[in-house]
Amino acid sequence: MLPTVPAVDAVTDSPGVRLAYRLPIDAASGWVSFTMAAVCLVWNTLVAVFVVQLGRGHLEGRPNWLLTWLMVPFVLAGLWTLFALCRQVLLNLAIGPTCVEVSFHPLYAGGTFRGFISQTGRLHVRWFQVQVVCEEQAIYQQGTDTRRATHRVYRAMAFSQRKFDIVPHQAFQTEFEFTVPNSAMHSFVSTHNAVIWTLVVRGRVRRWGEFERRFPIYVYPLAAKREPISETSLAAAGSAP
Amino acid sequence: MTPSVRLSLDAPTAQYQSGDRLTGRYLIDSMQPWTVRAAELSVLWYTAGAGEEDMAVHHFERVVDDPARPLDLRVPRRFATVLPASPLSYDGHIVKVCWCVRLRLFPQQGQETVAEAAFRLGSVSVPVAHGQGLRLETREPHS
């Protein structure tokens, strides 16, 4: 147990198919769709109540034109939330599940590790990348608001490919290597501050635009290293148990 | 008049690694005895930067003035602790992790006195980004 270093159980409990560990996707990705659905539902329910009242007035020959015109921007905003929600759902359906696996976990500064990515869907990919990202997060109070600042301190390309197609029932699969830089800060989480390492899968596909999926990884202090990281240990860890 | 407090680490560079033994001493610089109710020494880390401060104490010791054993801080007192594996000292852009030894003296009369000695644990730094077309950024804070 290392103080302020997040536990790695969430990753090591999930074995991979090609490599040792399958990374769980960042929960924030699911929250985007959930939040959009909630906003869409609440907004359009309220707008619908007003529209029904106004419509009733028009049908009964008592039209309130001022309120009717005032409602137009609210209705348009409601339609936009519906459009954005539908686009998000279709984006999630069109761009199928992304699976990322790593050969070793937790990671250590200075180590080179193998990764594996599998992307399904029916996609004309313009570009597709896997990046190693380190971000600092700070939560602070400003008046009565709680705010979160994020600063990306490191970003390195682990894999990049342009212009290819992904067809149904034949996932795009590839292995890549990535390095955690020497003397890098370990993953750190306290109540209001954090240093977070992530494998970020980004891409741009025809018709749907850009997408991004994040897979948290944990970098441990070298003092907690279980065993020397060598090609031999990586090779041993490379095959699923 | 409050006498000056001397808190020092034995390592002149104040640079330690995980598992190292941190040692030092403290005393008050005074010809006259200075009656202190208690002295508290903490080895702790705290965060600095944009976020609210977080802190945790790794090592704590308290000595109190006792009629049977009067507390005379003109005589140097030593302290020692083994440093943990984490968190390591970090000097980031909006998150910083700082380690220090903090001494608080509670005199019989008057305000408490605090002295600190900072040190670094580990030797991590902000990594340098590389890769073509990559740009680092700060996202606007949001609620």
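Which domains does the domain assignment give for chain A? I found domain 1 (9-26 + 96-238) and domain 2 (34-93); the bounds come from an automatic or database domain assignment.

**Ground rules.** I am working with a predicted model, in which local features need pLDDT of at least 70 and side-chain atom pairs count only at pLDDT 80 or more, while totals for chains, interfaces and linings use all residues. Residues are numbered from 1 along each chain as its sequence is written, and chains are lettered from A and ligands numbered from 1 in the order in which they are written.

**Chain A, domains.** I looked up the spacing of the two domains: the centres of domain 1 and domain 2 of chain A, taken over C-alpha atoms, are separated by 39 Å.

**Chain A, helix α3.** I then turned to A:Gly78, which is found in helix α3 (residues 65-94) of chain A. Helices here are DSSP runs of H or I with at least four residues, strands are runs of E with at least two, and both are numbered from the N terminus. Is A:Gly78 buried or partly exposed? A:Gly78 has 19 other C-beta atoms within 10 Å, so I noted A:Gly78 as partly exposed. The cut-offs are 20 or more such atoms within 10 Å for buried, 12 or fewer for exposed, and partly exposed in between, with C-beta atoms placed from the backbone. Leaving aside neighbours within four places in sequence, A:Gly78 is in contact with A:Trp43, A:Asn44 and A:Val47; contact means C-beta atoms, placed from the backbone, within 7 Å. A:Pro24 lies 54 residues from A:Gly78 in sequence and 33 Å away in space, C-alpha to C-alpha.

**Chain A, sheet.** I traced an open sheet of four strands in the order β1-β2-β4-β7, with antiparallel pairing. Strands count as paired if DSSP finds at least two bridges between them. β1 (21-22) and β7 (172-179) of chain A are the edge strands with a single partner each, so one side of each has no neighbour in the sheet. Strand β2 (residues 95-102) and strand β4 (residues 112-121) of chain A are joined by six bridges, and A:Ile95 has A:Gly121 in β4(A) as its bridge partner. Between β4(A) and β7(A) I found eight bridges, with A:Gln119 opposite A:Phe172.

**Core.** The largest nonpolar core has 70 residues, and A:Leu23, A:Val102 and A:Ile217 are among those with the most contacts inside it. Such a core is a set of buried Ala, Val, Leu, Ile, Met, Phe, Trp, Tyr and Cys residues joined through C-beta atoms within 7 Å. β8(B) gives the most to this core, with seven residues. Not counting residues up to four places away in sequence, A:Leu23 touches A:Val11, A:Val100, A:Glu101, A:Val102, A:Leu199, A:Phe215 and A:Ile217.

**Chain B, sheet.** I found an open sheet of three strands in the order β1-β3-β6, paired antiparallel. β1 (4-9) and β6 (77-82) of chain B stand at the edges. Six bridges pair β1(B) with strand β3 (residues 21-29) of chain B, and B:Ser4 stands opposite B:Asp29.

**Contact of the chains.** How many residues does the contact take from each chain? I noted 37 residues from chain B and 37 residues from chain A. β4 (36-49), β8 (95-107) and β10 (138-142) of chain B each give two or more residues to the side that touches chain A. β10(B) gives the most to that side, with four residues.

Terms used:
Contact = placed C-beta atoms within 7 Å.
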